[in-house]
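Hello,

Here is the structure I promised to pass on to you. Please have a look at it first, and then read my notes below.

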4 protein chains.
Amino acid sequence: MSFNTFGHLFRVTTWGESHGPALGCTVDGCPPGVAVTEEMLQHWLDRRKPGQNRYTTQRREPDAVKILSGVFEGKTTGTSIQLMIENTDQRSKDYGEIAETFRPGHADITYWQKYGIRDYRGGGRSSARETAARVAAGGIARAVLADMLPDLKITGYMTQMGPHGITGDRDMAEIENNPFWVPSAATADQWAEYLDGLRKSGSSVGAVIEVVAQGLPAGIGAPIYAKLDTDLAAAMMSINAVKGVEIGEGMNAAALTGEENADEISMGPDGQPIYGSNHAGGILGGISTGQDVVVRFSVKPTSSILKPRGSVTKSGKETEVVTKGRHDPCVGIRAVPVGEAMMACVLLDQILMDRAQTGGKRGQIG
Amino acid sequence: MSFNTFGHLFRVTTWGESHGPALGCTVDGCPPGVAVTEEMLQHWLDRRKPGQNRYTTQRREPDAVKILSGVFEGKTTGTSIQLMIENTDQRSKDYGEIAETFRPGHADITYWQKYGIRDYRGGGRSSARETAARVAAGGIARAVLADMLPDLKITGYMTQMGPHGITGDRDMAEIENNPFWVPSAATADQWAEYLDGLRKSGSSVGAVIEVVAQGLPAGIGAPIYAKLDTDLAAAMMSINAVKGVEIGEGMNAAALTGEENADEISMGPDGQPIYGSNHAGGILGGISTGQDVVVRFSVKPTSSILKPRGSVTKSGKETEVVTKGRHDPCVGIRAVPVGEAMMACVLLDQILMDRAQTGGKRGQIG
Amino acid sequence: MSFNTFGHLFRVTTWGESHGPALGCTVDGCPPGVAVTEEMLQHWLDRRKPGQNRYTTQRREPDAVKILSGVFEGKTTGTSIQLMIENTDQRSKDYGEIAETFRPGHADITYWQKYGIRDYRGGGRSSARETAARVAAGGIARAVLADMLPDLKITGYMTQMGPHGITGDRDMAEIENNPFWVPSAATADQWAEYLDGLRKSGSSVGAVIEVVAQGLPAGIGAPIYAKLDTDLAAAMMSINAVKGVEIGEGMNAAALTGEENADEISMGPDGQPIYGSNHAGGILGGISTGQDVVVRFSVKPTSSILKPRGSVTKSGKETEVVTKGRHDPCVGIRAVPVGEAMMACVLLDQILMDRAQTGGKRGQIG
Amino acid sequence: MSFNTFGHLFRVTTWGESHGPALGCTVDGCPPGVAVTEEMLQHWLDRRKPGQNRYTTQRREPDAVKILSGVFEGKTTGTSIQLMIENTDQRSKDYGEIAETFRPGHADITYWQKYGIRDYRGGGRSSARETAARVAAGGIARAVLADMLPDLKITGYMTQMGPHGITGDRDMAEIENNPFWVPSAATADQWAEYLDGLRKSGSSVGAVIEVVAQGLPAGIGAPIYAKLDTDLAAAMMSINAVKGVEIGEGMNAAALTGEENADEISMGPDGQPIYGSNHAGGILGGISTGQDVVVRFSVKPTSSILKPRGSVTKSGKETEVVTKGRHDPCVGIRAVPVGEAMMACVLLDQILMDRAQTGGKRGQIG
């Protein structure tokens, strides 16, 4: 079962609401003896935390993570790791008026219909604040992966904001230099101007995020129902506001012929097979090929906007909703570190599954 | 764990290889007392089975399903249901030459690298023949759903073949009238011509399939990590050759503004909320809204083509591969009933989860 | 997977070490709309907490439980419930000398051998303090059960301390009147004298606990591998120091003949079947019969005693160990509320599973 | 979920009824490259199969196992292994009269009450015939274990039949020389006489079975909720008719003092810790110590006896039941190979879990 848990062997169970006292997660199945500190996790949380620039919600949360169990003298013990982040800037009064009204495009109405009760403050459990716990768990996964596969590198970035893609060539070195994590300085400038306009008009816009893992060996992935791409699709689709997930060519694979799409194989200089292209996104039959693993997902525009939208109340009256809280004009921006965290968790989980079944033995070529 | 099992409560475990003696699945957690016969399951299998027209593989398999357990005097007993389909037309000799060579774009190489052994005949476990077991399991799910929700309707169809979308308006009545399950007679003609050309040239092409569920009540879906959309994404991505999954607007959600994307709500004539649009694809916060649930997925072109492609052998020599077996020029066609089956299984599974947790009680509006 | 999680649908994930800052659990899958307060949970925790009389460890812990998520305005929301208990009386220095030495009969040595690292303070994760989290979770389960089955009653008590059973007839009204939860005032006096002697001599002793559930309807239990008795056996065996679990006749069933053991059935005054005896402990084929569900388990004597025992150090030197900490002379006493909590969790979990699969419909008799 | 599945990583899903066409199981998560043949599995099935001597049911079943998937050219491929055993001697007419009557002590009544439908022929799904699938799966586990741990040895035997224990010293060499798998020739003779009497009188009797694993390294077991002893308790309790499970001292641990029960540790000649006794049954804190793992379980007498017992019919009439089918006077006899099979499955499962989490690295002593 997986109400609030993801992962097969590296298992993360999250808890907490947007405006409760705290949120966090339990990380279970973590290998022992791995160096983990609060500072290491904080590094990743700081990338996601709100209020860092004018393009993200102005809620001021330090998102300070505490390790409550499972780490002793700076190393994981193999027992369950509890991570807690206290909420400090919950202006619940902002949400008083939506207690009785459902915001269009939000989970307000479906949580009510399913459970008959909901913590309406800030979206409660359906708030994107839940993703802070994912980023913390991803920090644990990264620490373990750094031990196991020092050359593995996970990089997330935006490739589209609203209708605008990347202008010109990608320059990965630029990703950390702009608030959008876009690999292009020129594009960052264009998007800034575009988003400023949207923000001022009280609107919002969607985005596409790409996450790439470099350095994953061939042979990782558990067919048929825990394929690497299956797990990645589930992981990304579980993030708030995500509406589509692609591996490699993604939806565009439909338009290709067999000869266009098949990645030809040859022998590389190190005696290992190499590929002439990567339409597959690094995954064949659910198992990694050793190429870059490439995942993309779309994030819809946040529905919390200043423009009035028609809706209904709990008592069944029609009304108009204007959401005045502190929201992200492009919530996709903060989804970048979340996507990276999910990639880290899925890869580690799959590596542990592979280690269980195969013991790390591989079929050799050549 | 989910190596070969999917579902939380309605659990399907599949087994079997393309050229072994048989394949099948165990369906576990099925509600008792539901009428199920081999004929009912055969109806769905016949839609997927190969050799039905010139656009699908010429392998001749009756795909006759046998119920070996879990059904007594025509009704499910609540115990595990075993479904078996015997393989009858395994021309293994077709595959002799690929025992030592990896077909580009196939799982041949990754299965070898992961396991160090593989049944190379017809792709072995990675063959799309595995999906016959899914369709059989989907037949069970449909029987249960028909009991629980008589108005629920699941419909799959193709919306794109290669670069070609649907011409003109959709006419759902046409879906069963053409070999492509496309809701447009004119489009079917155009696609037939296009695919004939491709087939003769020994090539193949991708496709987009859409599956819609009508009549699912609001409140179905288990946040955070078994959201309805998450489970659907995993289910579809687990199908052979799928590279992208979309819910509602899908990847296009990125291009929209908040006011364009939010589906406005009003009160319908029956006193229940209705929506002015369905960008969300019937799911908010991972829970159904009561609108149509809309899922799309892309299927890549099969890599088994007559055009030579560069590859390598197990001993590390470079070579060219031409795949001569009996393959589908557009494997997406036969993915339509598979997508429907996965939708049926996911919906039933989610309904059972909801029944467990909420007992079917719903928050009322109005 | 279930490293630190138990339950199929009502899932409890525990975390925390004996001498860390806190311990607790996440309760997932809880039905929504159930009244739950910290006071309700505290009631159960107070029964288990240490330092209440001279027969339990003198560690002074208030074991005050906080609800951090999943409950809104006094009711469960259906989302994950986080319960936290802060540790306040961790005299870690008591344990300094055992950092390098393994206590015989403890998990010290096996945790070290498995993980290569352990929090040695007070047994770390292997400490019975972990059971506080179970009792808290059991409080949630009891609240839900009280809603669903108001007549259900769960009662735990001791039936044996060391070699001493119960003298005379059982009087259930006495259970709450003595520190041993033994249903016999006379026995309580005898055991008090016996345990005073043991305690003064620095020794310890084992116990047998029986837990009975009255009022569970027939039909609860999920064969074959989540039978009610299977789940109860796992739940009880997972408690620290438990070495045996029995259902109904238990080990003694071996000594009986078929005619002695079979519980004869007749029709009761209310038109429902009744049984002439309960050798089965209320479970047939893994499913409840409607009779009392009877489980017993043995708890070994704590190995933390003042008598010197031969052992070895991490560096492989032989040594003698005398454990001076604050320990329970009969740790079985505090296992009574833990056994009750596990019974509550298992029953609720099984009821939810049954509701998922059968929808609560039952085969009728008569 | 685990309706019909057991195991965390080495997962076995069983299916089939006593009088259906076949029964079997899917074994999932098996490591690849392990030699497995039908003959190897048949060896274990032959030990359990009925009709071998006058002390077991006279039903004549060859219990011939077929491997339908997951094994290629004599080796496991890492994909799901399907094992099927066809039923050949189903005299369903023997059971016609019990279609409307519930046999006391059987699951007849509870299956009916839970599901409202049941295959009444021979107990249907609740029949001990299901254990044939476990033994087949256990054969796979044994093959993998033989590869991983050549010195591991699993031995099951009876230690009690009805009120009679073993007379004199145990001689393990005798186990295979008598129909009761009792390690004592003298005891075998006494039990034969006793059971002949019971059989002729139409009665039945219970038994205690002990299963020992020698050669398991220290460090195997996954606390807190998949402890080695927890998993063994669940595995054994899931076997038909089992009513109690003990580890090491078992229920008797209650009667011991701390100094009696703690197994003292010293350094052995090979520089590894050794224990002066094994009250713990080879498990501390849920993790193996490296000593023999010792599990015992009781099997109740079969309720299918010739002596009339009071019962009720489906329509609520009181009646008397005499069960005339072909039954085991001591069903515990055939539980010996089943217990061994469960031990093999649990150990392999735990070894795979340990390999996943720790990678096989161990904390060193000395």
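**Two helices that pack in chain C**

In this predicted model, helix α1 (residues 38-48) of chain C packs against helix α3 (residues 131-148) of chain C at an angle of about 140°, and their axes are 8 Å apart. On α1(C) the contact is made by M40(C), L41(C), W44(C), L45(C) and R48(C), and on α3(C) by T131(C), A132(C), V135(C), A136(C), G139(C), I140(C), R142(C) and A143(C). Contact here means heavy atoms within 4.5 Å. The axes are lines fitted to C-alpha atoms, for helices over the stretch in contact, and angles run from 0 to 180 degrees between N-to-C directions. α1(C) and α3(C) are therefore oblique to each other; angles under 35 degrees count as roughly parallel, over 145 as roughly antiparallel, 65 to 115 as roughly perpendicular, and the rest as oblique. Helices (H or I, at least four residues) and strands (E, at least two) are DSSP runs, numbered from the N terminus.

A word on conventions: residues are numbered from 1 along each chain as its sequence is written, while chains are lettered from A and ligands numbered from 1 in the order in which they are written. Local features need pLDDT of at least 70 and side-chain atom pairs count only at pLDDT 80 or more, whereas totals for chains, interfaces and linings use all residues; side-chain values use heavy atoms, with hydrogens and water left out.

Helix α7 (residues 332-358) of chain A reaches 38 Å from its first C-alpha to its last, close to the 39 Å expected at 1.5 Å a residue. That expected span is 1.5 Å times one less than the number of residues. After α7(A) comes G359(A), with a positive phi near 70°. In chain B, helix α5 (residues 228-237) is mostly covered too, with 10 of its 10 residues buried.

**A serine in chain D**

S69(D) lies in strand β4 (residues 65-69) of chain D. What does S69(D) touch, leaving aside its neighbours within four places in sequence? The contacts are W15(B), G16(B) and E17(B), together with S80(D), I81(D) and Q82(D). S69(D) is buried, with a relative accessible area of 2%. R103(D) is 34 residues from S69(D) in sequence and 38 Å away in space, C-alpha to C-alpha.

Best wishes

Terms used. Buried means under 20% relative accessible area, exposed over 50%, partly exposed in between (1.4 Å probe, protein chains only).
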